[in-house]
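Dear colleague,

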Amino acid sequence: MLRSPMAMPWLTVLSALKDSVAPGREETIARGAAALALKRVREVTTDDVLDIGLYEFGVVIAPQIAAAVLAVHRVAEAGQER
């Protein structure tokens, strides 16, 4: 079965949502929340990532983790734009 390149990150997020003791769970869920926020909102804030984590994934993400993950996403996006 072939999977798209985007499928694996979301499978990882879904797996983390199902396993409350998965290593790196909060960071994985924060990456998924940041990815969704970046697709939906023009100027994404840490609060957007926190809101998606809480209201869509049902997980409280620490603000410092959300901010760090968002910063990494922004650096990655900037590198892709070149």
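**What was found**

T28 is buried, with a relative accessible area of 8%, where buried stands for under 20% relative accessible area, exposed for over 50%, and partly exposed for what falls in between (1.4 Å probe, protein chains only). This residue lies in helix α2, and, if its neighbours within four places in sequence are left aside, T28 is in contact with T12, V13 and A16, a contact being heavy atoms within 4.5 Å.

Before going further, please note that this is a predicted model, in which local features need pLDDT of at least 70 and side-chain atom pairs count only at pLDDT 80 or more, while totals for chains, interfaces and linings use all residues. Residues are numbered from 1 along each chain as its sequence is written, and side-chain values use heavy atoms, with hydrogens and water left out.

**The chain as a whole**

The chain contains 4 helices and 0 strands, and its elements run α-α-α-α from the N terminus on; helices (H or I, at least four residues) and strands (E, at least two) are DSSP runs, numbered from the N terminus. Of its 82 residues, 32% count as buried. Among the contacts in the chain with a separation of 6 or more, 47% are between residues 24 or more positions apart. The chain exposes about 5,700 Å², of which carbon and sulfur atoms supply 58%; accessible areas come from the Shrake-Rupley method with a 1.4 Å probe, and for residues only the protein chains shown count as cover.

**The nonpolar core**

In soluble globular proteins, nonpolar side chains tend to be buried together. Here the largest nonpolar core has 20 residues, and those with the most contacts inside it are I29, A33, V49, I52, F57, I61 and I65; such a core is a set of buried Ala, Val, Leu, Ile, Met, Phe, Trp, Tyr and Cys residues joined through side-chain atoms within 4.5 Å. Helices α1 (7-18), α2, α3 and α4 each supply at least two residues of this core, and the largest share, 6 residues, comes from α2. A33 touches V49, I52, G53, F57 and I61, not counting residues up to four places away in sequence.

Which residues of α3 are buried? They are V49, L50, I52 and G53, and they cover an arc of only 165 degrees around the axis, which puts them on the same side of α3; the arc is that of the directions from the helix axis to the C-beta atoms. The face of α3 turned away from this buried side carries the exposed residues D47 and Y55, and Y55 has a relative accessible area of 66%.

Y55 also belongs to a nonpolar patch on the surface, which it forms with L54 and V60, and the three have about 360 Å² of accessible area together. Patches are made of residues with over 30% relative accessible area and no salt bridge, with like charges joined within 9 Å and nonpolar side chains (Val, Leu, Ile, Met, Phe, Trp, Tyr) within 5 Å.

**The loop between α3 and α4**

V60 lies in the loop between α3 and α4 and counts as exposed at 66% relative accessibility. Leaving aside its neighbours within four places in sequence, V60 is in contact with E26 and L54; the C-alpha atoms of V60 and E26, which are 34 residues apart along the chain, are separated by 8.3 Å. A62 lies in this loop as well, and, with neighbours within four places in sequence left aside, A62 is in contact with E26 and L50.

How many salt bridges does a search of the whole structure find? The search finds 1, a salt bridge being a side-chain nitrogen of Lys or Arg within 4 Å of a carboxyl oxygen of Asp or Glu. In it, the side chains of E56 and R40 meet at 2.5 Å, N to O. E56 lies in the loop between α3 (46-55) and α4 (63-81) and R40 in helix α2 (residues 25-40), so the pair ties together parts that are 16 residues apart in sequence. E56 is partly exposed, with a relative accessible area of 44%. Side chains of opposite charge can pair when their charged atoms come close.

With best wishes
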